[in-house]
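Here is a short briefing to read alongside the coordinates. It moves from a single residue to the contact between chains, and then to one more residue.

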Amino acid sequence: MTTHNQAWSLADTLLQSRLLIGSALYPSPEIMRQAIQASESQVVTVSIRRQNIGDQSGQAFWQIIQSLGCHILPNTAGCRTAQESITTAQMAREIFGTNWVKLEVIGDDYTLQPDPFDLVKAAQVLIEDGFEVFPYASDDLVLCQRLVDVGCRIVMPWASPIGSGKGIMNPYNMELIRQRLPDTTLIVDAGIGKPSHAAQALEMGFDGVLLNSAVALADDPINMASAFKLAIEAGRLGYNSGTMPQREFATPSTPVLGTPFWHQG
Amino acid sequence: MILLINDKPTESNAQTLASLVLELEIEGAFALALNENFVPKSQYADTFVNENDRIEIVAPMQGG
């Protein structure tokens, strides 16, 4: 298939795809594997959990993920304090052999909105400890700025709450973050529900999209993964091509000159 | 002695994290935290465990 993808750099790693994909909630491990392949994503999010003694399900899952040959982005999902997320990140770094971490510090159980204070605190500690921090943030400009101030090269503002599928809730905030942080890699994380939401994020100039539920919970996750791949390519190509200015009134696209039966007053 | 392993009281004869890992026959990709602090594998042999220590053992898992 013809592709318009151009290589881009994420944390000093050259990638073709601008889609980062999660590994949770799929109907089966095999559908997960096929959906991730269909997405052509090169970055897969994983997590860590308490292991029951003798339970090898985590190892089987890890083998499938390794077979995909993607870059691994471990998360700190479920953490509620800076200290919890720091310890979780350190354990994930040892398990997965990467210094990348999707830093999640949840401040509100209902919306899963990040705790901005502990998020910044944890990001600073982890960066000093050699991590490449991918912070999951809300669409608050000042929070995103603070994360950059403590050394984050990547910031991941949400489109809307995790798993809500509502798309970009506040386009004004998102446009502002893009404009005010022109040198930061910005990934839209969480809340993407359908391919058009992802295309919109790329059209706005975001560097990529991280999603999970929108693919995993689709009726057909494998085809939905392809749809997102194409939407993200379309959005990026559209952004690079420069959109036309909006106008308040209609302007004919067909020239008026030479119109038959045209009688000028 | 009793250790709290993943929040479950567990009887153990292990003196160090290295012997605990052997005792529990933990294999594959995993990591440990002792009393909420990460302990790298390279320090298991030198890290002693004591009564009522809280030990988290984690493995890879699906995530988004």
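Where in chain B is B:Thr16 found? B:Thr16 sits in the loop that links β2 (8-11) to α1 (17-24) of chain B. Please keep in mind that this is a predicted model. The points below start with that residue, then turn to the interface of chain B and chain A.

**B:Thr16 and its surroundings**
- B:Thr16 counts as buried because its relative accessibility is 12%, and the cut-off for buried is under 20%.
- Beyond its neighbours within four places in sequence, B:Thr16 is in contact with B:Tyr44, B:Ala45, B:Thr47, B:Phe48 and B:Val49.

**How chain B meets chain A**
- The contact draws on 27 residues from chain B and 27 residues from chain A.
- About 2,300 Å² of area is buried between chain B and chain A, and carbon and sulfur atoms give 59% of it.
- On the chain B side, the residues that lose the most area to chain A are B:Phe38, B:Pro60 and B:Gly64, which together make up 26% of what that side buries.

**Polar and charged links across the interface**
- Between chain B and chain A there are 11 residue pairs in polar contact, both residues being at pLDDT 80 or more.
- The interface also has 3 salt bridges.
- One of these salt bridges joins B:Asp7 to A:Arg50, with 3.9 Å between the closest N and O atoms.

**Which parts of chain B take part**
- At least two residues each come from β3 (31-34), β4 (37-39) and β5 (54-62) of chain B on the side that touches chain A.
- β5(B) supplies the largest share of that side, with 7 residues.
- Sorted by class, the side of chain B that touches chain A holds 16 nonpolar, 6 polar and 5 charged residues.

**Strand pairing between the chains**
- β5(B) and strand β4 (residues 43-50) of chain A run antiparallel and are joined by 5 bridges.
- Within this topic, A:Ser47 stands opposite B:Met61 in β5(B).

**A:Pro171 in chain A**
- Helix α6 (residues 171-180) of chain A contains A:Pro171.
- Is A:Pro171 buried or partly exposed? A:Pro171 counts as partly exposed because its relative accessibility is 33%, and that class lies between the cut-offs of 20% and 50%.
- Setting aside neighbours within four places in sequence, A:Pro171 is in contact with A:Gln200 and A:Met204.
- A:Arg146 is 25 residues from A:Pro171 in sequence, and the two are 20 Å apart in space, C-alpha to C-alpha.

Conventions:
Residues are numbered from 1 along each chain as its sequence is written. Chains are lettered from A and ligands numbered from 1 in the order in which they are written. This is a predicted model: local features need pLDDT of at least 70, side-chain atom pairs count only at pLDDT 80 or more; totals for chains, interfaces and linings use all residues. Side-chain values use heavy atoms; hydrogens and water are left out. Helices (H or I, at least four residues) and strands (E, at least two) are DSSP runs, numbered from the N terminus. Buried means under 20% relative accessible area, exposed over 50%, partly exposed in between (1.4 Å probe, protein chains only). Contact means heavy atoms within 4.5 Å. Buried area is the accessible area (1.4 Å probe) that two parts lose on being put together, summed over both. A salt bridge is a side-chain nitrogen of Lys or Arg within 4 Å of a carboxyl oxygen of Asp or Glu. A polar contact is a pair of N or O atoms within 3.5 Å; within protein, one must be able to donate a hydrogen and the other to accept it, and residues adjacent in sequence count only if both atoms are side-chain atoms. Ala, Val, Leu, Ile, Met, Phe, Trp, Tyr, Cys and Pro count as nonpolar, Asp, Glu, Lys and Arg as charged, and the others, Gly among them, as polar. Two strands pair if DSSP finds at least two bridges between them.
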